[in-house]
Amino acid sequence: MTAGMHDLRKPLESTGKTLSTVVSAIALLCTLVLSVQAFASPRDEARRIHDRLAGVPPSAATLDQMEGLVRNGDAIGAAYIAMENRAFYDVTLKNWAAPWTNREEDVFVPLNDYIATVIGMVRDDVPFNQLLSADIIYVGRDGLQGVPAFSMTSNAHYEALENRNINLMENLVQRPQSAMTDLPPEATAGVMTTRAAAEAFFIAGTNRAMLRFTLMAHMCRDLEQVADTSLSPDWIRQDVSRSPGGDSRLFLNNCVSCHTGMDPLAGAYAYYDWDESARRIVYSPGQVRSKYFNNADTFPQGFVTTDASWANYWREGQNALLGWDPGRPGQGYGAKSMGEELANSEAFAQCQVEKVFQTVCLRPPSDAADRQQVSSMVTSFRGGNYRMRQVFAEAAAYCRAD
Ligand code: HEC
């Protein structure tokens, strides 16, 4: 053997040694992890279910009760017990919904009417596919010490509920939105017409933001993911240039991809606005807000909004995959029916389930087993009257040994 060959083999040998050491270390780790999993007792699993849902440890009595259920193969029943802890509502659900209510998707925002309405709908098993259409709002019950009355022009009611550490599980009450506000019943569209949503998404702009952020929060898609250049551009408003920078190809290859689908849906919001000086939502039936005519001279032959009609162009083409309800016409008038259109799609149900999975399992669904679980949860959610607590329970039961 020459010195040269020896020199070559030496590093190979040591690499081999290092490798085998690493491999056996990994194997040891795996065995440890596996054995921890295999030996996760029903009590450990019960504790984990409680932890994931409420974020706080259970009392001994609660843990005993949950452990008994887990032993009997009823981890879902155990999860329902964990959801009787106020922290599930005050903390877990608050943090779940908070990012949907502002443009920064910030979780650290004060309680508001959007978040409270989500919390209440989950608590009361209100079918969650009504989220974007119902005449519903949750407020603190009357007579809570130091809590100012609900107001259309301020968030103080909700901030006081939070700052005074009011137990939301016990003190939120459901009201018709049209009774608490001056919106007529037909103008209410679930969380889209809450004060918090209006302040965040009807402010300034062209009301397209309300659609974009609703899609992000409740269809789990930003516009890039629904972009389609193959649809008719006939509903694109006048403010979108047909030859940006003098190049009509840019319009055809880029601008249309979002605006063909977005502009006809955002027509549903034609009568809504946010009044920054009055600090409240505005609804002007029959009167299209002036923001719909911003920069109308950019392309005068573009679509002119004359009322609150909307149409869902995404029922055709690649976005048919979002699973629109074949029992609906795909067009209508006003935010309520448009909200129903979105919330009765498969994508909406899938999105809610995936968000719950992420919150409860502390990771997105990743492997084949996770995807199978998500799909069975979507089926159970849609077939079981859209009860959101059931989704939380099923996720917590699934991840209890993680
Ligand atoms: C990825 C999707 C997407 C593409 C592509 C796109 N837009 Fe938009 N556009 C939006 C959204 C979303 C809004 C609403 C923004 C908001 O109010 O927050 C918007 C708003 C607008 C507005 C209203 C003014 C404003 O800024 O709010 C104009 C004008 C406009 N787009 C023109 C164009 C033009 C011209 C193109 C092509 C060069 C284009 N858009 C490409 C999504 C898109």
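Author: Let us begin with a term: a residue counts as buried when its relative accessible area is under 20%, as exposed when that area is over 50%, and as partly exposed in between. The model discussed here is a predicted one.

Reader: Is Phe 128 buried or exposed?
Author: The cut-off for a buried residue is a relative accessible area under 20%. The relative accessibility of Phe 128 is 0%, and Phe 128 therefore counts as buried.

Reader: How many aromatic pairs are there, and is the pair of Trp 96 and Phe 128 stacked, edge-to-face or tilted?
Author: The count of aromatic pairs comes to 16. For Trp 96 and Phe 128, the ring centres are 6.2 Å apart and the planes stand at 35°, so this pair is tilted.

Reader: How many residues apart in sequence are the parts that the pair of Trp 96 and Phe 128 ties together?
Author: Trp 96, which counts as buried at 5% relative accessibility, belongs to an aromatic cluster that also includes Phe 128 and Phe 392. Because Trp 96 sits in helix H5 while Phe 128 sits in the loop between helix H6 (113–123) and strand S1 (137–140), their pair ties together parts whose separation in sequence is 32 residues.

Reader: Which helices hold Phe 357 and Tyr 398?
Author: These two residues form a tilted aromatic pair, with 5.9 Å from centre to centre and 50° between the planes. Phe 357 is buried at 0% relative accessibility, whereas Tyr 398 is partly exposed, with a relative accessible area of 27%. The pair ties together parts that are 41 residues apart in sequence, since Phe 357 lies in helix H15 and Tyr 398 in helix H17.

Reader: What distance lies between the end C-alpha atoms of helix H15?
Author: Helix H15 has 16 residues (346–361), so at 1.5 Å a residue it should span 22 Å. What covers its buried residues includes helix H2 (42–54), helix H14 (335–343) and helix H17 (388–398).

Reader: Which helix gives the most to the shell around the ligand?
Author: The shell residues divide into seven nonpolar, four polar and five charged, and His 259 places a polar side-chain atom 2.9 Å from a nitrogen atom of the ligand. At least two shell residues each come from H11, helix H12 (223–226) and helix H13 (248–266). With six residues, the helix that gives the most is H13.

Key:
Residues numbered from 1 in each chain as written. Predicted model: local features only at pLDDT ≥ 70, side-chain atom pairs only at ≥ 80, totals over all residues. Heavy atoms only, no water. Helix = DSSP H or I, 4+ residues; strand = E, 2+ residues; numbered from the N terminus. Expected span 1.5 Å × (residues − 1). Contact = heavy atoms within 4.5 Å. Polar contact = N/O pair within 3.5 Å; in protein donor to acceptor, adjacent residues only side chain to side chain. Nonpolar A, V, L, I, M, F, W, Y, C, P; charged D, E, K, R; others polar. Phe/Tyr/Trp six-rings, centres within 6.5 Å; stacked < 30°, edge-to-face > 60°. Buried < 20%, exposed > 50% of the residue type's maximum accessible area, 1.4 Å probe, protein only.
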